[in-house]
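User: I am new to this structure and would like a guided look at it. Could we begin with the strands and then move on to the rest?

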Amino acid sequence: MKVVADRLRDIALHSNLDHEIDLFGRSAFNRYYYAAYLAVRKNLMEINSDWATAAHKNLPTILTIAINKSATRIAINLTKKGILTKSEESRILTSIKICGYELSKILQSGYEARSYADYFPEEIVTRESGNLSLHNYTTHEAQSWPKRAEKHAVQLLNIWRQLG
Amino acid sequence: MDSKNTQQFRQWLVRHRFAMNVSIIDGDAEGDVMVFIPASYLGPKVSANKTSTRQLAHLKRMAVRELGLHVDFRITADEGIAEIESGVTALVRNALQSSDVKVFLSVSLDRYADLWFDVAPMSITEKVTKEVRNTVKDYLEKVDLTLHEIYSHGASVPSSAIVLRSVKVLQPTTAEEVAKYLANRGFLKVPILWVKSRLDRLRKKDLITWSHETYSITYAGLSSLPILRGRSSSDIERALALGKRRW
C-alpha cells in the first residue's frame, strides 16, 4: 500500500497541472493512512480477532482503552496467582499504554488527513519544495505513518505476549 | 552477509558511478533499504570524494523507478554528527541511569533525527521516555535538528507467564525446547539455567510438573493462563503444535 502512496505522491510532485497535483496528492494521503491502518490491524488481529473488524474511527479508542482494560484484567489475575511480580505487571501495563497511545496518535492523524482527502474537496492539496500539503498535514509526515505504525504495533504485540 | 536487495542495490550504485564505501542494510519492510552515509562524504556539489543531497535525492527516485527499491539515505556519525551523538548518548545514559546503553543517531537528508537505543522496551517507563524526549529534543534543536522518533530495539526478557504458556504449548517438554520457543518468539535469548530456574519456580507453585526430565502443565497452570480469542490463543497454538509433532 505504501508503494502505491509513494507512486501517487511522485506523480503529484512531478505534475504541472494543479488538478492532478490535487487529485493524485489526496489519493496519496488516503493510501498512506491505509498502509498504517493495515499494519495496526494485522497485529491487533493477533491479540483479539474482534478488533480486526472494528470501525476505523474506533481504533484509537481500542488502542488506548480496550487493550489496556484487557491487559490489566489479565495482568492482575497473573499477579494474584504469583506468576507475574508487581513490578513486571506495572512494566507490562505501562509499555502497552505507551505503544497504544503512540499508535492511536498515528491513526488519529492519518484518519483526519484521509477524511480531508476523501470528503473535503474544497481543501486543495498544494505543492511546496518537494512536499505536498493537505490541511495541516504534509506527505513528509504521512510517509512515516506506515513505518511508525508497524514498529509500534509489533512492539505492542511483543509486550502483549508477555502476558502468556 | 548482504541480502539480495542490498547486493543488488550496491551493484546498482556502482553502475551509477557512486563508488563510496557506505553501509547498506535492509529496511523494516520488504523492498526497503537503508544507506548510512558519513556526514563528511556530503558536500555542496558532487566531486571525486563527495556526494550531495541533490545526488542522493536523484538516486532515491531512480532506485524506485529502476529497481522498485525504497531507499532511505541516513547521514551518520562522523565529525559534527559524532559530537552530537556523544552528547545525546550522555543525556540518554543519564536519563536511563545506565552507563552501558548504546545510542545511535541517524539523520535524514531534511535534518530529521531518529534516535535508537539498545535497551529492552520493557525497561523504559513512560516517565523515562518523556524525559529522554524532552532533554534530547532541546539539545537537538540547538544544532538545528528536529527529533523525529525514538526507538528502543532490544528484545525483552521473557516473563514467567510466557514460560508457562510455552510449557502448555510444547508439553511434555524440556528446558532446552522452552528456551528455543522463547527465542523464536522474539524474546531475549536466555541461558538454559535461567529457564530451568523459572520452570522450577512455576513447579513450586504447582503450575507445572516435572517428571522423567520433562515438564507438563497442571490444571492450576492451565486455568491461570488467559483465555484469548484469535490467533494468539494458546489453545490454537497447542493444537497446531500437536499437529506438527512427530510421535
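Analyst: One term is needed at the outset: two strands pair if DSSP finds at least two bridges between them. Please also note that this is a predicted model.

User: How many bridges join β2(A) to β3(A)?

Analyst: Two bridges link β2(A) with β3(A), and these strands run antiparallel. Within β3(A), Tyr137(A) is the bridge partner of Leu134(A).

User: What sheet do β1, β2 and β3 of chain A form?

Analyst: They form an open sheet of three strands in the order β1-β2-β3, with antiparallel pairing. β1 and β3 (137-138) of chain A stand at the edges with a single partner strand each, so one side of each has no neighbour in the sheet.

User: Which residues of α1(A) are buried?

Analyst: Lys2(A), Ala5(A), Leu8(A), Arg9(A) and Ala12(A) are buried. Seen down the axis of α1(A), the buried residues fall within an arc of 120 degrees, so they line one face of the helix.

User: And what covers the buried residues of α1(A)?

Analyst: The cover includes α2, β1 (126-128), β2 (131-134) and α5 (139-161) of chain A.

User: Next, the largest nonpolar core. Which residues touch the most other members?

Analyst: That core has 71 residues, and those touching the most other members are Phe29(A), Tyr32(A), Ala36(A), Val40(A), Leu103(A), Leu164(B) and Val178(B). Helix α2 (residues 18-47) of chain A supplies the largest share of this core, 14 residues. A second, separate core of 26 residues includes Ile84(B), Leu105(B), Ala113(B) and Leu145(B).

User: What is Leu164(B) in contact with, leaving aside its neighbours within four places in sequence?

Analyst: With those neighbours set aside, Leu164(B) is in contact with Ile83(A) and Gly164(A) in chain A, and with Leu202(B), Leu207(B), Ile208(B), Gly221(B), Ser224(B) and Leu225(B) in chain B.

User: How many residues does each chain bring to the contact?

Analyst: Chain B brings 28 residues and chain A brings 30 residues. On the side of chain B that touches chain A, the elements giving two or more residues are α4 (126-142), β6 (146-152) and α5 (160-170) of chain B. Of these, α5(B) gives the most, with five residues. By class, this side of chain B has 10 nonpolar, 10 polar and eight charged residues.

User: What does chain B contain in helices and strands?

Analyst: Chain B has nine helices and eight strands. Of its 247 residues, 27% are buried.

User: Now the backbone. Which residues of chain B have a positive phi without being a glycine?

Analyst: Among them are Arg17(B), with a phi of about 55 degrees, and Glu213(B), with a phi of about 65 degrees. Arg17(B) lies in the loop between α1 (4-15) and β1 (23-26) of chain B, whereas Glu213(B) lies in the loop between β7 (208-211) and β8 (214-217) of chain B.

User: Is Arg17(B) buried or exposed?

Analyst: Arg17(B) is exposed, because it has 8 other C-beta atoms within 10 Å, and a residue with 12 or fewer counts as exposed. Glu213(B) also counts as exposed, with 8 C-beta neighbours inside 10 Å.

User: Where is the cis peptide bond that involves Pro172(B)?

Analyst: It runs from Gln171(B) to Pro172(B), with omega near -10 degrees. Pro172(B) is found in the loop between α5 and α6 (175-184) of chain B. Most peptide bonds are trans.

Note on methods:
Residues are numbered from 1 along each chain as its sequence is written. Chains are lettered from A and ligands numbered from 1 in the order in which they are written. This is a predicted model: local features need pLDDT of at least 70, side-chain atom pairs count only at pLDDT 80 or more; totals for chains, interfaces and linings use all residues. Two residues are in contact if their C-beta atoms, placed from the backbone, lie within 7 Å. Helices (H or I, at least four residues) and strands (E, at least two) are DSSP runs, numbered from the N terminus. Ala, Val, Leu, Ile, Met, Phe, Trp, Tyr, Cys and Pro count as nonpolar, Asp, Glu, Lys and Arg as charged, and the others, Gly among them, as polar. A residue is buried if 20 or more other C-beta atoms lie within 10 Å of its own, exposed if 12 or fewer, and partly exposed in between; C-beta atoms are placed from the backbone. A nonpolar core is a set of buried Ala, Val, Leu, Ile, Met, Phe, Trp, Tyr and Cys residues joined through C-beta atoms within 7 Å. The arc is that of the directions from the helix axis to the C-beta atoms.
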